[in-house]
Amino acid sequence: MPRQSTSRRDFLKTLGAGVLGSALAPGIAGAAKRRPNVLLIFTDDQGSMDLNCYGAKDLYTPNLDRLATQGTRFTQFYVGAPVCSPSRASLLTGRCPQRAGLATNSWGDRGLPPEQVTFAETFKAAGYHTGIIGKWHLGDTPRLAPRKQGFDEFFGHKVGCIDNYSHYFYWQGPNKHDLWRNEEEIWAEGSFFPDMVVSEASRFFEENKDREFFLYLPFNMPHYPLQGQAKFRERYKHLDAPRRMYCEFMSTCDEKIGQVIDKVDELGLRDNTIIVYLSDHGHSEEERTFGGGGYSGPYRGYKFNLWEGGIRVPCIVSWPGHIPENEVRDQLATSMDWFPTMAKYCGVPMPKHTIDGCDISAVIESADAKTPHEVFNWQFNKHWVVREGNWKLVYKGPSTEENGVKIPQAEYFLSDLSKDVTETKNIADRHPDVVRRLTAIHEKWAGEVGAEKL
């Protein structure tokens with residue numbers, strides 16, 4: 001890991017002393033003196049194409065579709081990892097999972113290292129009130145708690161998922177109740193957790209409407225258990241399982257996100273609040289989600305792998321009057337980009353250590369802007385990926401079944417995504433020079449970030 005030029009404590013102390021009360025960064029058309037609020041919405045296990053505006057024909061998602069018309073929608077947007085914890089670590093630090101110190105799922109005292117500087121810490125030091133409502137999954141011991149990572153307040157669960165009515169975690173080790181307000185365990189048997197998230201977000205907006213805030217809203221939907229509302233069970237009763245149960249919960253998720261955005265509107269905060277929405281990775285095909293249900297369109301793969309269906313996700317950004325509305329961006333961008341991009345929009349200095357994300361405000365502004373990522377790297381478990389332009393090289397990507405045809409594992413699988421987004425036609429043998437070049441890029445990157453040698 002690269003050495004930080006300043007310590008975490010010194011950076012935050014300097015930031016807090018230097019930018020409190022500062023005006024919005026220059027160059028943003030129509031900017032008010034008050035810096036914008038940031039609402040960062042993160043869904044969980046959502047398929048790459050699982051919105052109407054992304055191509056799903058059987059799914060009812062009017063609220064996120066409306067958000068897309070009010071903002072800019074990305075078609076080549078990637079997350080840092082195909083599972084929950086490292087993806088969250090990347091989002092909150094702007095760093096790849098290896099550089100962020102969490103390359104696998106969190107459990108117990110394994111989580112986001114306290115020395116990492118987060119989105120929340122940076123904005124808090126700059127005078128923002130910060131909160132997280134929903135799923136943490138970056139460590140469930142006291143030293144790894146959300147309020148140790150820059151959040152002024154926390155409501156939600158610390159581990160990977162909970163039953164939405166009992167708020168118990170059932171899926172690893174003994175049954176464990178997991179519902180918290182800050183450091184206090186709370187009990188609310190029978191209350192539907194997504195409704196609680198909406199209620200807590202509404203309270204947060206009410207209490208902080210007169211000051212700048214950063215709210216991280218990681219919904220635990222449509223992650224299992226798939227517990228959609230009755231009206232959506234009725235709506236989708238014609239569909240076969242497991243798509244039926246998935247759609248029920250995805251539409252429930254869309255409704256809750258709509259209720260949160262409606263509250264921002266009701267309080268007159270919408271024009272001064274940047275809303276970012278994205279999924280943490282692709283859909284699950286685990287037994288706990290009935291073996292699937294999500295939709296990745298033409299993309300191969302799903303959660304737990306680095307094929308497109310595991311790491312390419314829906315993403316929308318909206319800030320009325322400041323960024324383009326009802327537009328689409330096809331440039332490559334990543335979840336790690338949101339930290340530096342929001343810092344740019346809000347006039348907040350970034351940490352001085354290495355950040356893998358880039359400011360993508362120019363991409364948001366223009367479909368003609370170049371992606372800041374000519375090359376990008378991923379590694380998860382025993383396989384890795386290098387993306388260079390339209391080339392994508394996958395090393396030991398797991399076998400998958402696509403349209404009833406099993407595609408076996410290959411040591412090196414090369415695709416030109418401009419010609420084949422399905423990743424079903426391996427052209428590695430036709431381009432050995434590209435395979436060698438991309439392999440060398442991976443090896444250099446792996447050494448820089450301390451990735452496990454495979």
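1. I132 stands opposite Y216 in strand 9. Strand 9 (residues 213-218) runs parallel to strand 3 (residues 129-135), and four bridges join the two. Helices (H or I, at least four residues) and strands (E, at least two) are DSSP runs, numbered from the N terminus, and two strands pair if DSSP finds at least two bridges between them.

2. On the basis of the note: this is a predicted model, in which local features need pLDDT of at least 70 and side-chain atom pairs count only at pLDDT 80 or more, while totals for chains, interfaces and linings use all residues. Residues are numbered from 1 along each chain as its sequence is written, and side-chain values use heavy atoms, with hydrogens and water left out.

3. Confidence. The chain has a mean pLDDT of 94, and 93% of its residues reach 70 or more; pLDDT is the predictor's confidence in each residue, from 0 to 100. Over residues 1-6 the pLDDT stays under 50, and the model has 15 contacts for them beyond four places in sequence. The stretch 20-32 is also below 50, with 28 contacts in the model beyond near neighbours in sequence. Contact means heavy atoms within 4.5 Å.

4. Ten strands, with mixed pairing, make up an open sheet in the order 8-7-4-3-9-1-10-11-2-12. Strand 8 (184-185) and strand 12 (327-334) are at the edges; each has a single partner strand, so one side of each is left without a neighbour in the sheet. Helix 10 packs on this sheet and touches strand 1 (37-43), strand 2 (72-78), strand 10 (273-279), strand 11 (315-318) and strand 12. The direction of helix 10 makes about 175 degrees with that of strand 10. Axes here are lines fitted to C-alpha atoms, for helices over the stretch in contact, and angles run from 0 to 180 degrees between N-to-C directions.

5. Helix 10. How much of this helix is buried? Eight of its nine residues are, so helix 10 is largely enclosed by the rest of the structure. The buried residues are W338, F339, P340, T341, M342, A343, Y345 and C346. Buried means under 20% relative accessible area, exposed over 50%, and partly exposed in between (1.4 Å probe, protein chains only). G347 follows helix 10 and has a positive phi, near 70 degrees.

6. Nonpolar cores. A nonpolar core is a set of buried Ala, Val, Leu, Ile, Met, Phe, Trp, Tyr and Cys residues joined through side-chain atoms within 4.5 Å. The largest has 66 residues, of which F74, F123, F214, L278 and W338 touch the most other members. Helix 10 gives the largest share of this core, six residues. Another core, of 47 residues, lies apart from it and includes F193, A201, L226 and L269.

7. F214. Neighbours within four places in sequence aside, the contacts of F214 include V38, L40, F119, A120, F123, Y128, H129, T130, G131, F151 and F204.

8. Strand 14 (residues 383-388) and strand 15 are antiparallel and joined by five bridges, with W384 opposite Y395 in strand 15. The two form a hairpin with two residues between them, and G389 in the turn has a positive phi of about 60 degrees. Strand 15 also pairs with strand 18 (residues 412-416) in the antiparallel sense, over five bridges; L393 stands opposite L414 in strand 18. Strand 15 (residues 391-395) is mostly covered, five of its five residues being buried. W391, L393 and Y395 lie on one side, K392 and V394 on the other.

9. R243. This residue is in helix 8 (residues 243-266). R243 counts as buried because its relative accessibility is 13%. A polar atom of its side chain lies 2.8 Å from the backbone oxygen of G293. Beyond four places in sequence, R243 is in contact with D50, A56, D58, L59, G293, G294 and Y295.

10. Two buried loop residues. H373 is in the loop between helix 11 and strand 13 (375-380), and is buried, with a relative accessible area of 6%. Not counting residues up to four places away in sequence, H373 touches L332, A333, T334, D337, D356 and C358. P351 is in the loop between helix 10 (338-346) and helix 11 (361-365). At 8% relative accessibility, P351 also counts as buried.

Key
A polar contact is a pair of N or O atoms within 3.5 Å; within protein, one must be able to donate a hydrogen and the other to accept it, and residues adjacent in sequence count only if both atoms are side-chain atoms.
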